[in-house]
Amino acid sequence: DIFKDISKCNEQLITAQQTPAEALIIERFLDKYPLSAILSAIAGTSSEIGIDEQRGNVKLVTELLNRLLFNKCNITIISPNLAGTMDYLTAGLSSPFTEIQMLSLRVLENVFETATKDKETGMLNEYTPDPKFIPYLTNLLDHSDVKAGKVLVSVMSKYGQYCSKSDRETLLLKLIEYFHAKDMTDSIAHVRILDIVMHIGKLKFRFKQCVDTGAMDLMESLLLGDDVLVQMNVLEIAKLLAATSHGVKYFLQNNYCERLFEILGVSFGSNNDSNDDGGNKEAIVQPLLWSGAIELLGFICTTQLAE
């Protein structure tokens with residue numbers, strides 16, 4: 001039974017961690033059960049084996065894959081240099097289990113991170129991030145798991161920073177398309193998309209492409225919306241760009257400072273802002289944005305003075 005062997009291997013790896021035996025255990029186990037067999041082991045539906053049993057199996061497999069993929073003995077399991085191994089990541093990303101998706105995202109994040117020599121110029125070594133992952137990653141943009149969402153943003157940001165110019169344009173256009181296709185109430189996906197764009201745009205040699213494709217317009221769309229929680233997130237994310245000289249110039253040229261000052265009081269404080277029922281919606285809502293607006297203005301001012 002593969003799950004009994006997985007459980008036994010987990011116990012052995014715990015004991016042998018950071019010893020010469022760790023590498024031997026991993027090699028012997030993968031000789032018997034390649035990654036494809038391990039992933040296939042949890043492919044059965046819960047109706048076939050029971051929900052509790054399936055959860056237990058997924059937990060076992062996740063623990064093992066974590067120890068295999070992030071081992072302490074410097075054995076590389078998945079790499080662009082190992083033919084066919086990157087395909088396991090697409091299988092993991094399309095898994096119905098968050099735990100497996102998360103592992104695949106972490107491995108992909110590591111691959112993309114180590115693929116570059118210079119984060120600013122984006123000079124690459126032998127590996128250029130493969131666009132085949134984008135459809136799988138895009139499908140996870142509205143993932144309900146917060147931790148998975150954070151790693152997803154990191155992965156897609158690194159891809160956008162380090163991929164080829166043509167692939168970057170394709171990515172940005174796909175993100176814009178996805179953004180407009182989603183209902184405006186789907187705030188999670190919208191904020192994650194903006195976060196990815198800001199991480200790409202903070203690099204000077206990537207910023208113009210973000211502007212030319214229209215990806216930068218997404219920030220204004222969210223900031224001028226009526227979802228206060230989204231606006232709070234936008235103000236936080238925008239600090240990534242406000243910490244760069246090219247970002248500050250963009251904010252100043254596109255009247256973002258005026259919008260920030262409006263948030264701080266220009267647009268409220270009179271009876272004209274009252275609703276028909278006598279309430280004052282702006283007076284209740286806008287103060288929640290004051291802290292973020294002040295911080296963002298501070299970034300803009302200090303960065304501009306420092307450049």
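View 1. The structure, a predicted model, holds ten salt bridges (a Lys or Arg side-chain nitrogen within 4 Å of a carboxyl oxygen of Asp or Glu). In one of them, K158 pairs with E109, with 4.0 Å between the closest N and O atoms. This pair links distant parts of the chain, as K158 sits in helix α9 and E109 in helix α7, 49 residues apart (helices are DSSP runs of H or I, at least four residues, numbered from the N terminus). K158 counts as buried at 14% relative accessibility, while E109 is partly exposed at 24% (buried is under 20% relative accessible area, exposed over 50%, partly exposed in between, with a 1.4 Å probe and protein chains only).

View 2. R259 is buried at 15%; E262, at 32%, is partly exposed.

**View 3. Helix α7 and its surroundings.** Residues 98-113 form α7, and its buried residues pack against α3, α5, α6, α8 and α9. L108 touches M86, L89, L93, F133, L137 and V155, leaving out residues up to four places away in sequence (contact means heavy atoms within 4.5 Å).

**Notes for all views.** Residues are numbered from 1 along each chain as its sequence is written. Local features need pLDDT of at least 70, side-chain atom pairs count only at pLDDT 80 or more, totals for chains, interfaces and linings use all residues, and side-chain values use heavy atoms, without hydrogens and water.

Technical notes: Helix = DSSP H or I, 4+ residues; strand = E, 2+ residues; numbered from the N terminus. Expected span 1.5 Å × (residues − 1).
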